[in-house]
Amino acid sequence: MSAVGNPLVSRGRRARRRKLTGQIMEVLATAAALLAAAALAIVIITVAKRAAPALNVDFFTQNAAPFGGAGGGIENAIVGTLIITGIATAIALPAGVLLAIFNTEFAPRRLADLISLTLNVLAGVPTIVIGVFIFALVVVGRGQSAFAGSLGLSIVMLPLVARASEEVLRLVPSHLREGGMALGATRARTVITVILPTAIGGIVTATIVAVARAAGETAPLLFTTSIFVGTAVNTDPSQAMASIPMVIFSYSESPDPHAQQQAWAAALVLVAVVLVGSIAGRLLSLRTRRQIEQVR
Amino acid sequence: MTTETPTSHIPLSARRRWRLGDVLLQGIAGAAALGLAALMVLLVVEVVGQAHAALSEFGLGFLHTSVWNTVKDTYGALDLIFGTLVTAAVALLIAVPLAIAIGLFLSELAPRALRTPVGTMVELLAAIPSVVLGLWGILVLGPFLNEHVEPFMIAHLGFVPFLDGFPSPVGLLPACLILTLMVVPIVASISRELFTSVPGELKQGALALGATRWEMVRGVAMPQVSGGLVAAVMLGFGRAVGEAIAVTQVIGGSLTRPDSIYAPADTMASRLAAQYAGTATSLQKSSLAYLAVILLVISLLTNVAAQVIVRRIQRRLGHR
Amino acid sequence: MNVRRAGSIALALVAVAAASACGSSGGTTTVTKSQAGGGGDSKVLVGAGSTFVAPLVQQWEADYVKSPAAVTVTYGAIGSGGGVDQITARTVDFGASDAPLSADQAAACKGCIQIPWSLGAVAITYNVKGLQNKIHLTGPVIADMFMGKVTSWNDPEIAKLNPGVSLPDTHITPVYRSDGSGTSFAFTDWLTKVSPDWANNVGTSTQPPFPTGTGAEHSSGVVAAVQATDGAVTYVDLAYVQANDLQYALLQNAAGNYPEPGIKSVIAAAKVGTSNPDGSISLVNPPASAADAYPDATFTYVIVPQSSPKASTLKDFLKYAIGPTGQAFGPPLGYPKLPSSIVASDQQLIDKIGS
């Protein structure tokens, strides 16, 4: 690995010290990596262990018990998160893909660079500021609604979907485009019938990863759909809806051990969604790349 | 990034065929791009609009006044800026060396079999929702620090200013550690990419000349990637400054400046999350929006600066 | 410039203009979807606010849906400040606050009626290893604790009030509400009246500028913070103290007695409450003539718009809440039943709600 066996390293005392320094650094780097892996393991195992007592059928099919009572579940929060992220995806996915198409098919290089820069900057805006923005834009005068929460989440998802879609679209080999044009098809037709289908795997991957990320966001929901945490299932997006991150946030501050257990269980659901989404995303992206390579 | 659109080598005469489908697609896609621009403008306009009353009442004095009094209806962000900078700085101080070491491990030192699993674990750390980290912070990390770590630190490090105080399960210390957990994966994955991008012949050359691997890293790889590392640290800083949820769960929302690292404190993002939903006066709400404006400015500056550095590096690499 | 590019740019501009016209805020004409305050389903009532009264409201929610009216009441316990915000913006049908509306808030609320629908004690709860339950404390001493002037539990001021009680030397950590809280209002209202030092340095507010200590959100948050910290003390609604089996202090009233916080002492305070011009009734620091009155009790109000699209549903629910069925849920949780004189005046206030 380091300088062992290298004939140009003399075997004097100084050389031994250099070798020792190198080995110490390698040990430290390994230790750092193991520390990070250990931190992840500690967090996930703690969540799983503390969630275990609260995981039962009731947890997924019932709503919260009244003040101080045991039992109950987070059914309304699960339904709420599904609806809110569903609407957010319906907004962010087409917008992101259109942006990616614009950047790869129509924009001159300077403009494409500017759009990429804007997307990266948007990705860096703190989600709490996005929450204030959506509050000012939609909630003031109208009231909280799941739809407002979805708008906030769609802003979080947009850069993820757009950047990843653009990457995949650029991977599509140019001879597919040329072929379409040579056959007399319009640019639009080529994009829709040839390029998008080739890139669809990557776009789906990007969406899965973005959804997994959005499902866990709390700050965009804090001022837009946060009022009702413990009560009945609501499926009307014009009203506020419970959501899993808000349930965790709200129960995490509770002194009641039952509420805390439910917070752990809800956290486990979120972590599971994120893990499954990330792993699925990785596997799919590997498969897509292989498929596109074959087309080349 | 490719250097031109994928169709630029097709002759102009072929490209200029006027078709309705093309116009429609270009129109809709262009609308998306314009929509993005409109979104950014709207974002700034609305947030600044919410802050308008506080901006005109306090002006820039808000940034160096240390008060938050709803009875006298006067507000200033200095204590919050202090909390934000301290938590971000401590988090970066711990996270950056760790993350660079991890990046090195994943790009150079790890046996190939370990690279994917460990790399995946580091990225998964980034994917854990902040509210889950905050939950773990309140119920596990905070009490652990309160019972075991802080008394130890006070007993043995208490002579250092700011490290002497009373143990508390909420405060600056758990917030710094949680932020560290969030910043490490960001900087580590960028470092890994940077170290991987150092041209192989440079690395091999140094090794052939008799350098140990560590000397190669220190003397050849690091200088190559230093610009990129600065960008990574900036992105990590932006993340640490902007985190509201996990921080507000563990920092103990204090209204005054902390006198030790164990004491409860508050950051701009955390105060915004805690108070914006129900304020006592409208000037208070506007002052909280002023905090959002400050956060927005910080994030815009750090992200644009990081992007500029990244572009410069990509251009440099592209010319090889 | 070629025709195609001009055409697509024009199309894009039209699309963006159309989209932004639909989505712009401040539009006063049409609110397309039915909102909580916008005359939607009358089988649903939406409210938000005080965490002080939340335990009681949750009992009402569970019971009222089973009644012949079959109305679903949804209540979000986000704090009194949040409740006032929401009802002012008419994003809920009713708000709940322990603090009466300030003059500014009443003006912003545009014709809101505040109706006392329950009352309770603000208890001082603490978590100190080695300290017995029900120690004696006075307002000025508590003010000193929350101002950081009394910093450990064996301070002479506390020892003076508790002769013979063993006091550990633990550091005092005051815990307070960081969100907009009616309980904070009731607590600081009492301290302002009994401690001139507090009146000068801090004052009364739903978000007082506490000079020291730890902040936490909502009644549940301050209780959790106290349970996690040895030496911590906070102020919270009695229902939370009872539900979590916490230690609490006995507070000295103006007569020099230390009444047990509960139904009897709160009712004694309610009998001598002072009415304010805005319709609210102040119960803190009852005069010495009320020998057994609890010194820091408070009414808690429901805030409703005088004209509401759900007027009849709202009136029925409020009559249920202040009536015998609703009030019966109170005592087991530590909320006394409303005095009959209050119930009578409440009926008149409720009748003012129209559409």
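The largest cavity has a volume of about 90 Å³, a volume being the space filled by probe spheres set on grid points joined across faces, edges and corners. A cavity here is a set of points, on a 1 Å grid over the protein atoms alone, where a 1.4 Å probe fits but cannot get out. Its lining (residues with an atom within 4 Å of a point) has 14 members, and B:D79, B:L80, B:S254, B:L255 and B:R271 sit closest to the centre. By class, that lining splits into 6 nonpolar, 4 polar and 4 charged residues. Searching the whole structure turns up 6 cavities of 30 Å³ or more.

Keep in mind that this is a predicted model, where local features need pLDDT of at least 70, side-chain atom pairs count only at pLDDT 80 or more, and totals for chains, interfaces and linings use all residues. Residues are numbered from 1 along each chain as its sequence is written, chains are lettered from A in the order in which they are written, and side-chain values use heavy atoms, leaving out hydrogens and water.

Now for the interface. Chain A puts 86 residues into the contact and chain B 82, with contact meaning heavy atoms within 4.5 Å. About 7,700 Å² is buried between the two chains, 77% of it from carbon and sulfur atoms; that's accessible area (1.4 Å probe) lost on putting the parts together, summed over both. On the chain A side, A:L40, A:F133 and A:R282 lose the most, together 8% of what that side buries.

There's 1 salt bridge between chain A and chain B (Lys or Arg side-chain nitrogen within 4 Å of an Asp or Glu carboxyl oxygen): A:R18 pairs with B:E215, closest N and O atoms 2.7 Å apart.

How values were computed:
On a 1 Å grid over the protein atoms alone, a cavity is a set of points where a 1.4 Å probe fits but cannot get out, and a pocket is an open set with protein on both sides within 12 Å along at least five of seven lines; lining residues have an atom within 4 Å of a point. Ala, Val, Leu, Ile, Met, Phe, Trp, Tyr, Cys and Pro count as nonpolar, Asp, Glu, Lys and Arg as charged, and the others, Gly among them, as polar.
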